[in-house]
Amino acid sequence: MTNVNLTVNGKPVRRDVPDTTLLSDFLREDLRLTGTHVGCDTSQCGACVVHVNGKAVKSCTALAVSLDGAEVTTIEGVAQGRELHPMQAAFNDHHALQCGFCTPGMIMSGIDMVNRYRAAGKDLDAETIRHELEGNICRCTGYHNIVRAIEDAAARIQGADAPAHAAE
Amino acid sequence: MTEGIGARVKRTEDRRFITGKGKYTDDIRMENQAYAAFVRSPHAHAKVTGIDRSAAEAMEGVVAVLDGHQLTGDGIGNIICGWAITSKDGSAMNMGAWSALATDRVRYVGDAVAVVIADTAAQARLAAEAVEVEYEELPAVTNAEKALAEGAPQLHDNAPGNLIYDWEIGEEAATDEALAGAAHVTELPIVNNRVSPNAMEPRSAVAIYDEADEHYTLYTTSQNPHVARLVLSAFYNVAPEHKLRVVAPDVGGGFGSKIYIYPEEITCLWASMKTGRSVKWTSTRSEAFMTDAHGRDHVSKARIGFDTEGKIVGLKVDTIANFGAYMSLFSSAVPTYLYATLLSGQYDIQNIHCNVRAVYTNTVPVDAYRGAGRPEACYLVERLMETAAREMGADPAELRRKNFITEFPHQTPVIMNYDSGDFHGNLDKAMAAADVAGFDERRKEAAARGKLRGLGYSCYIEACGIAPSAAVGSLGAGVGLWESAEVRVNPVGTIEVLTGSHSHGQGHETTFAQVVADRFGVPLNSVSIVHGDTDKVQFGMGTYGSRSGAVGLSAISRAMDKVEAKVKKIAAHTLEAAEDDIVIEGGEVKVAGTDRKMAWHEVGLAAYTGHNLPPDMEPGLKEGAFYDPVNFTFPAGAYICEVEVDPDTGVTEIVQFTAADDFGTIINPMIVEGQVHGGVAQGIGQALLENVVYDDAGQLLTGSYMDYAMPRAWDTPFYTLEHNTTVCPNNPLGLKGCGEAGAIGAPPAVINAITDAIGDNDLQMPATPQKVWRMIQATQTPIAAE
Ligand code: FES
Ligand code: FES
């Protein structure tokens with residue numbers, strides 16, 4: 001058992017956890033944040049993606065004890081109250097989910113992708129999105145609408161940036 | 001109407017999924033939860049000679065270690081196949097015994113022999129490894145053709161030669177004669193590769209035994225909770241139906257794999273009674289590859305004959321279907337009534353004969369996977385048509401057109417009676433959208449870049465809306481395939497619809513509500529859909545075979561008829577008008593041509609106060625219906641795939657995929673498009689990437705996402721979709737079904753495109769780069785050694 005202190009969705013969390021506990025299990029079983037899903041045991045499906053210190057991480061590949069002091073955001077922490085994150089709204093608008101199981105991971109990967117490309121000042125086109133999604137499997141949607149949703153969310157987030165740039 | 005039938009309404013169920021608030025089975029945790037871990041056979045075939053539980057029992061947190069002798073000793077019944085198929089010699093199929101926990105013999109890698117129940121999942125897993133099982137290895141066989149051979153290892157004593165049945169359909173002599181007289185015969189060996197369904201949510205079960213009431217509850221990843229309850233109760237003797245509640249909450253995809261009642265659910269229920277604890281089990285992905293029912297795995301030889309005009313004169317097919325180690329719930333129906341009955345395709349063929357042998361092997365049981373039999377039929381027919389056209393120097397589209405069925409109803413020689421369709425129209429739309437006319441130019445341009453460009457067609461037909469109960473009963477089905485529904489109008493006018501269909505991604509909460517909103521003119525958000533709980537819904541046969549629309553919604557429609565009739569009676573009585581003059585429009589119940597009316601909710605309130613109802617009318621406003629379809633429905637379409645193959649690497653890129661579908665009435669085009677996207681992606685997966693592989697000893701080589709290639713975003717294109725609607729004449733809403741079309745129609749289109757590109761027809765799925773590269777090497781004229 002090791003004592004870990006971390007911030008999850010903006011709230012401080014302190015727990016004793018066995019050294020072998022994966023972040024995915026810690027979130028699901030200890031914190032009961034069950035929006036983070038586990039779809040495989042070889043780190044290849046991406047259903048478990050969360051953000052650690054602002055970066056996308058497959059939570060099934062990280063040990064909870066290694067995250068002392070970290071800031072973790074899960075799918076439950078993405079919306080601002082009732083207001084959906086633009087990525088969440090775009091998934092709804094474009095019918096980018098069916099069974100919803102891959103969806104939390106897709107949204108977390110999508111947000112991370114948009115953030116990285118924005119920070120680098122690069123465009124996020126459909127082709128790039130498809131390659132960026134290499135770590136996320138969806139069995140239901142055939143990806144068409146997921147790619148469209150991420151494209152659209154990227155545009156919405158860029159659009160929201162625009163007034164800020166204009167004010168500079 | 002912006003929310004009714006035909007509207008692109010955004011899904012109302014999305015919110016909980018995009019915010020992480022979905023409620024899947026593994027998200028449920030009971031007080032005092034215990035966890036199950038299974039001890040599984042590492043051998044494909046072995047005798048179990050002993051189980052030593054002592055080490056495991058002594059481990060921390062272990063509640064119980066239970067084995068198959070205890071399970072059968074408590075009277076838990078064997079797992080059954082629910083569709084009896086009779087061999088052509090009149091004998092019954094040979095069903096081998098399948099116990100949820102094996103007692104004396106294991107028949108595939110992953111076959112469960114014992115279960116450990118412990119306080120935590122980690123403790124259960126550790127202890128399961130400490131259970132020592134003694135095995136005496138037996139020779140194994142994984143390939144169906146080899147399993148039929150003389151001297152092959154035998155799996156079940158009551159299935160000599162590993163043969164489950166030897167079944168036929170159609171007239172053999174007439175077909176042979178027609179083929180003998182044909183001007184051209186095309187012959188192809190066709191392998192339909194074994195695939196793993198891979199719903200992204202692994203299977204899971206939470207079983208709860210309430211000792212005081214002797215009552216069980218099972219939360220599980222099921223496409224059909226009532227069928228699960230029926231089978232658990234009637235055949236597995238877990239508990240009588242009134243003492244067993246089955247709930248399928250949010251379910252993360254099924255594709256057929258969650259129809260069946262697996263050993264794990266049975267064992268968890270029984271173990272919860274044995275231990276007095278709620279028992280939970282969630283599959284790992286590795287276990288899923290090892291134990292979820294696989295799909296397809298057919299090996300066929302097919303011959304199709306044409307006259308001098310290019311008209312088909314006969315089709316003869318011989319198929320061997322690999323069933324794995326045991327007969328899963330619907331396995332027997334898949335290569336017979338869901339496969340051979342569709343071999344006429346979209347074509348007018350007078351003579352068809354098909355022989356099917358179903359075979360045991362030391363592999364995971366095989367059952368229905370998205371399309372179930374129809375993809376195998378479509379793949380075979382459409383590979384034959386394309387190949388025949390090339391052999392005869394005919395245009396593949398024209399050869400198809402020459403043979404299309406154009407008049408309906410059309411009786412095929414293999415049972416099916418097609419009720420409607422417009423096959424030329426589908427193909428016209430697909431060809432226009434795919435710009436077939438411009439293909440030669442594109443091919444030249446690709447060649448200039450060093451790429452081989454090809455175009456392939458697939459004109460699929462399938463049978464959905466399963467199925468008329470009396471008809472399937474006469475063919476051996478153990479259940480009726482109707483659907484049930486209940487429509488409750490509350491005193492405030494809001495509506496709850498209880499349906500026996502189950503949504504595990506299909507969006508019923510939205511589409512079903514659209515149909516109700518459309519009918520009564522009430523806002524969509526005043527309608528809620530209740531499904532997936534045997535305590536709430538009266539009964540249901542569940543969701544598979546694209547039946548939720550054609551059968552499930554028809555039941556809702558019938559229940560709405562009854563509600564409407566009662567509403568009109570109440571309104572006529574209250575408004576002092578004739579019933580025939582009452583119309584329901586825009587949320588109001590009116591006397592036609594007058595300003596006399598009641599608001600919808602006023603009728604609801606009147607029904608429940610009972611203060612002023614017509615004499616003899618019971619209070620309340622709630623009606624149920626059981627709907628039994630009169631025929632299958634026949635979605636059909638034309639798919640065109642265009643690929644570019646890199647001759648240096650053998651890599652295929654799908655550059656364009658066009659689908660023109662006829663699904664009958666469309667309730668929500670957005671959701672229908674999503675179904676096609678997903679189905680086509682699965683078809684592309686099967687054609688290019690996916691393949692379950694066992695080695696000769698029966699070890700599963702494709703046991704994780706490292707070895708089993710799932711289609712990812714970069715493997716799939718943006719799809720171009722068209723609709724060409726002919727309304728189904730046989731159900732109230734004119735629906736045909738759309739859930740499986742993509743997975744049925746796509747594989748032959750992809751393979752026909754690749755074979756067109758590389759100029760060699762002898763390609764089997766999956767068309768991996770290595771396979772394609774070798775074929776290109778073999779067909780290219782060898783350059784003379786310098
Ligand atoms: S669960 Fe983490 S990648 Fe699959
Ligand atoms: S929506 Fe079901 S796996 Fe992606």
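Biologist: Where does B:Pro409 lie?

Modeller: B:Pro409 lies in the loop between α11 (396-403) and β16 (410-411) of chain B; helices (H or I, at least four residues) and strands (E, at least two) are DSSP runs numbered from the N terminus. This is a predicted model, where local features need pLDDT of at least 70 and side-chain atom pairs count only at pLDDT 80 or more, while totals for chains, interfaces and linings use all residues. Residues are numbered from 1 along each chain as its sequence is written, chains are lettered from A and ligands numbered from 1 in the order in which they are written, and side-chain values use heavy atoms, with hydrogens and water left out.

Biologist: What kind of peptide bond joins B:Phe408 and B:Pro409?

Modeller: A cis one, with omega at about 0°. A cis bond also joins B:Met765 and B:Pro766, with omega about -10°. B:Pro766 is in the loop between α19 (741-758) and α20 (769-779) of chain B.

Biologist: Which residue of chain B has a positive phi although it is not a glycine?

Modeller: B:Glu576, at about 55°. B:Glu576 sits in the loop between α16 (548-575) and β22 (582-585) of chain B.

Biologist: Is B:Glu576 buried or exposed?

Modeller: Its relative accessibility is 71%, so B:Glu576 counts as exposed. Buried means under 20% relative accessible area, exposed over 50%, and partly exposed in between (1.4 Å probe, protein chains only). Of the 786 residues of chain B, 65% count as buried.

Biologist: Switching to sheets. In what order do the five strands of the open sheet in chain B run?

Modeller: The order is β7-β15-β14-β13-β8, with mixed pairing. Strands pair if DSSP finds at least two bridges between them. The edge strands are β7 (163-170) and β8 (184-192), each pairing on one side only.

Biologist: How many bridges do β7(B) and β15 of chain B have?

Modeller: Seven, in the antiparallel sense, with β15 covering residues 352-360. B:Tyr165 is opposite B:Ala358 in β15(B).

Biologist: And between the chains, how many residues are in contact?

Modeller: 48 residues of chain A contact 53 residues of chain B, contact being heavy atoms within 4.5 Å. About 4400 Å² is buried between chain A and chain B, and carbon and sulfur atoms give 54% of that. Buried area is the accessible area (1.4 Å probe) that two parts lose on being put together, summed over both.

Biologist: Which three residues supply more than any other three of the area that chain A buries?

Modeller: A:His95, A:Arg130 and A:Arg139, with 19% of the area that chain A buries against chain B.
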